[in-house]
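Here are my notes on the model. Please read them with the structure open.

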Amino acid sequence: MSSLTEKDRPIVQLLLNTGTCPRCILRFCGVGSQTLYRHPHKDLMKDLREFLRNNQEKEDTVCFDVADPPCKRIRLECSEEGPDDLNHNGAFQTPSVNDEATAVENSPVKSCNMCLGILQEFCEADFVKKVCQKVHAADYQFTNFVLSVSLPPQLSVREHAAWLLVKQEMGNRGLSLAKDDIVQLKEAYKWIVHPQLSETLGVPADGKSLFEVSVVFAHPETDKECHFLATACPDCFKPAKNKQSVFTRMAVIKALEKIKEEDFLMRFPCPPSSPKNLCVALEIQCNNGAVFVAGRYNKYSRNLPQTPWIIDGERKLESSVEELISAHLMAEFKADSFNFSSSGREDVDVRTLGSGRPFAVELVNPRRIHFTAEEMRGLQQTINSSSDKIRVRDLQLVTREAIGRMKEGEEEKTKTYNALIWTDKAIRREDIAFLDDIQELKLDQKTPLRVLHRRPLAVRCRIIHTMKSEYIDEHHFRLHLKTQAGTYIKEFVHGDFGRTKPNIGSLLNRTADILELDVEVSTVHLSW
């Protein structure tokens, strides 16, 4: 085993004697050769024993007359309950590294006391085949993958115990082993499994892939091994949202960094005892990164909300713009859920005409992600054929960054409206003609009463850029407005009990109200 040197011999001997698997031993020796970890478990064990034999023979050649006899204390494999690793003073009961290699030659293969079997059985072809079967059954489209591995937090405790043991032994020999020199278990696992997954799935592993294959390991037998850390370092374990247990991997690592070595040695066996059972794979799941679909919609109904209208759990109207569009996208992309967003919104009784309002739909965990331009046009036609209340255009796949640009600069955007207005007192053409000459009219709009239940109370400055009036009869006229985005048009007309100043009623010196409102143009500079 050319990757190992003479300084690794005490690590190999010590860890083999304490029930550690060959791959974990390579990790502790800082071996960075990925291919070496992929060798079969039995071959690695044979190579490590041969390494010890060769080095022992060299020592015997030079110092054959002073060879130490085998240590009789070490019989870890004979105790089902594990060794009593600490004396009453919290010191190590360290296995001798001068044991003959034959002391482990005939011992049966056991679950590793450090990785709890993850670098043993769960690296084998049978488990990889099981993972690939789960992936194929999930029926996702993907061109590469990233493997996510969740490990039991107690593995960090066991590795810390082994490191303290090895560090002491190395120190006795005038050598050192920094914790950062140890190859991470997750990294070693991926080195072994990635090529097998790639070959079976037929796609490469890519750390930036949006398609994630996740494996969650657990080891119920040793679940409580972390609990002593909560007593030693209580400030490291605080309840958090969406966490079933306070004993997260990061919390455990933080506690291990904080706890004093002597306190740790008094509370946890060094070396860690060999488990009776292997880890179990609790979950094997797949998840695709979100796909974003964008376009513009027109709304022709005055009885259709943009989003579901539900008050106190009761639906007020049967559908919405969001649902009419997203239902078809969900079906075609085979997604778990969606998030709908748009550049502004209109009231339930307001139509959106002209070039339409930009919108975007985030499709969460889609099974299908590849669509041609022709297929997107077909999907657009399907949406448009399903209802006469809405129509979409420019439907296309976009990036997350493009969605962000849709929301940028809301204050700088302009909107064009067409409002049908009623007045209580009779009007003539000349009574409203002066509105056409008003430009850049500044408004102070206090949060409207109708939205005060969902918007904070504030006074917002908004601008009416231009207005053009169109006389209909002595009580009705149309007003075409170009305004700053975010202007409450209805309130600009009727005044909202004086909460919007000035307003059409105050300008005309009479009561005014809005009967109909249409959004005609939304000047949002996007590629859709």
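1. At what angle do the axes of helix α6 and helix α9 cross? The axes of α6 (residues 154-172) and α9 (residues 249-258) cross at roughly 25° and come within 8 Å. Axes are lines fitted to C-alpha atoms over the stretch in contact, with angles from 0 to 180 degrees between N-to-C directions. That makes α6 roughly parallel to α9 (angles under 35 degrees count as such).

2. This is a predicted model: local features need pLDDT of at least 70, side-chain atom pairs count only at pLDDT 80 or more, and totals for chains, interfaces and linings use all residues. Residues are numbered from 1 along each chain as its sequence is written, and side-chain values use heavy atoms, without hydrogens and water.

3. Who touches whom here? Ser156, Val157 and His160 of α6 meet Arg249, Val252, Ile253 and Leu256 of α9 (contact means heavy atoms within 4.5 Å). By class, the contact of α6 with α9 has four nonpolar, two polar and one charged residues.

4. The axes of α5 (residues 125-138) and α7 (residues 185-201) come within 10 Å and cross at roughly 55°. Among the contact residues are Phe127 and Val131 of α5, and Tyr189 and Leu197 of α7. The contact of α5 with α7 divides into 10 nonpolar, three polar and no charged residues.

Conventions. Helix = DSSP H or I, 4+ residues; strand = E, 2+ residues; numbered from the N terminus. Parallel < 35°, antiparallel > 145°, perpendicular 65-115°, else oblique. Nonpolar A, V, L, I, M, F, W, Y, C, P; charged D, E, K, R; others polar.
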